[in-house]
Structures are given as structure tokens and as C-alpha cells.
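Q: Hey, can you walk me through this one? I'd like to start with what sits inside.

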Amino acid sequence: MHYLKVAVGVLFGVALFLFLDYALPSKNTVRITNTYNRLTSVTASNAIFYASDNTGTVENAAGQRDVRFIEAVRPNGKVFVYRNEDTGWIWPPYFKYDSANLQAEATNLRSDRNNPQWVSVTAYGWRLPWLSTYPNAVSIDTLASPDERPRNWAASIVCIVLLALLALFWRMWAQFRERGFGRRKA
Amino acid sequence: MAAFIRLILFLLIAETLFYLLLRVYLRSLRTERLEEIWDTRHPAQAGNTPARRAFVRRSMTGFDKTLRSRLLLLVFVLPNLAVMGIIYWINWQ
């Protein structure tokens with residue numbers, strides 16, 4: 001029983017970490033090389049990594065969606081691909097509906113190797129090539145040099161708020177265990 | 001639009017639940033504190049005596065009008081402000 005509890009606890013911790021890693025914004029320094037739309041099939045296996053239906057996404061009869069993409073190169077030369085989709089009013093709660101503007105911004109910031117314009121792309125999600133999933137770009141900020149490391153304030157604040165809520169619920173639970181809803185018996 | 005209404009409804013339900021839980025918690029804390037005050041003031045009548053119960057009931061009557069329990073209504077304000085903040089930072093920056 002003890003080992004079962006430990007195993008369940010560890011699994012829960014890993015699941016929580018993966019959830020936060022997926023849903024919280026992360027910043028990457030990249031150079032944008034290309035922006036385009038592509039018909040993308042959103043299948044049952046990777047649908048949860050794309051925007052929910054009815055967030056302004058249009059699907060054709062074959063179940064394909066016209067998704068905006070942003071191709072980028074990292075300072076170490078490795079490539080990276082973002083998608084750029086509205087999240088609308090649905091999960092995850094980014095309330096993003098300016099993906100057309102973001103795409104225009106990204107196109108404006110395209111640069112080549114000889115004259116690089118480094119940008120910091122804020123995005124959430126994972127790039128899983130075997131499932132064809134892409135992080136969703138949320139905002140783009142220009143950088144003076146690739147060595148600049150902008151602070152990820154949003155994720156820090158969310159983590160602090162979550163920790164505070166956890167502490168509060170822990171105290172509330174302790175108070176409930178001690179006294180229940182009614183008066184103390186003793 | 002349907003998604004927006006669903007978001008508002010969901011937020012409202014979550015806030016109400018959180019508000020009720022916090023209210024129970026704050027009242028419980030205050031009740032416990034009042035019992036301790038009674039016990040130190042009246043060591044002879046300490047414990048769960050009728051006198052202490054009456055004292056606690058009397059002292060808790062105005063609790064909903066205290067600053068602390070009014071600040072609790074921020075539960076219905078702060079998450080909505082956070083949502084508006086996110087909308088601003090994501091779409092107008």
C-alpha cells in the first residue's frame with residue numbers, strides 16, 4: 001500500500017509537471033525565416049494539441065484545417081516551427097484572437113543569416129514531430145542580440161499564484177480536519 | 001459567442017465555489033480565535049460551555065460586515081481582472 005501511494009504520488013507529480021510545461025508560456029530566442037499557411041490534417045491523435053473547434057478555425061470536408069505556421073532558426077542553428085492559431089475563449093486560457101496580426105508581425109520580422117533580426121517568441125505547447133504538433137506562438141518581441149535573455153514573467157507569476165493557492169488549500173484542509181464545519185467538540 | 005458565455009459561466013461557478021469555501025474557512029478561523037479568547041478570559045468556564053457558545057454566537061453576528069469578509073468579495077473581481085489583463089497583453093501588445 002505504501003509503495004502504491006508513492007507510485008501514485010510520483011505519477012501525479014510528473015503529470016502536473018507535464019501539464020504546466022505544456023500550458024505555461026515559454027520564451028525562445030529565434031530568427032524567423034518563413035511564414036505561411038498550410039492545410040493540416042488534425043486527426044484524433046493530435047487534436048488536443050491544436051486549437052479547439054469553433055475558435056474561428058475552419059475545417060474542410062476532409063477534416064483539414066488551414067493553419068498558419070512560423071518557421072524559425074535558433075542561435076545554435078537548429079530549426080523550429082511554430083503554429084499560430086487563435087485559442088479564442090477556450091482552453092488553454094490565452095484568449096488569443098490576433099493570430100492574423102501576429103502572422104503579419106512575424107512576416108515583417110523575417111531575416112536571413114547575413115543580416116539576422118533575433119526575436120523572442122513566446123509560445124506554449126510542444127513540438128512532437130511524430131504527432132505533428134507545434135507550439136502555438138503567442139507573442140513576438142525583438143531582441144538586440146541573441147544573448148539577451150528576457151525574463152519569463154508570465155510563467156513565474158502563474159507559478160507563484162499556484163503555489164500560494166496550494167498553501168491556502170493546505171491550510172483550509174488542515175482547518176477543516178481540525179474542526180469540521182461545526183463547533184469544536186471538546 | 002457561445003464560447004464566451006460558457007467562459008463567463010464557468011468562471012462565475014468557480015468563483016462562487018471558491019468564495020463559499022473561503023467564507024467557511026475565515027469564519028472557522030474567527031470562531032476558533034473567539035473560543036481561545038473566551039478560554040483565556042474565563043478559565044473557570046473554559047471548554048465547550050453554553051456561556052462560551054453564546055459568546056461566540058454574539059461575537060460572530062457582525063462578521064459579514066467586517067473588512068476581512070468584505071475583502072473576500074475580491075474573489076469575484078481579481079480573476080476577472082486577470083482575464084482582462086491576459087486579453088490585453090496577448091492581443092494589444
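This is a predicted model: local features need pLDDT of at least 70, side-chain atom pairs count only at pLDDT 80 or more; totals for chains, interfaces and linings use all residues.

**The core and beyond**

A: The largest nonpolar core holds 20 residues, and Tyr82(A), Val121(A) and Ala137(A) have the most contacts inside it. Such a core is a set of buried Ala, Val, Leu, Ile, Met, Phe, Trp, Tyr and Cys residues joined through C-beta atoms within 7 Å. Buried means 20 or more other C-beta atoms within 10 Å of a residue's own, exposed means 12 or fewer, partly exposed is in between, and C-beta atoms are placed from the backbone.

Q: Which element gives the largest share of this core?
A: That's β4(A), with 5 residues. Helices (H or I, at least four residues) and strands (E, at least two) are DSSP runs, numbered from the N terminus.

Q: What does Tyr82(A) touch?
A: Leaving out residues up to four places away in sequence, its partners include Phe69(A), Val121(A) and Ala137(A). Contact means C-beta atoms, placed from the backbone, within 7 Å.

Q: New topic: how many buried residues does α1(A) have?
A: The count is 0 among its 22 residues, so α1(A) is hardly covered.

Q: And where do the chains meet?
A: 20 residues of chain A are in contact with 18 of chain B. On chain A's side, α3(A) gives the most, with 3 residues.

Definitions and conventions:
Residues are numbered from 1 along each chain as its sequence is written. Chains are lettered from A and ligands numbered from 1 in the order in which they are written. Two residues are in contact if their C-beta atoms, placed from the backbone, lie within 7 Å.
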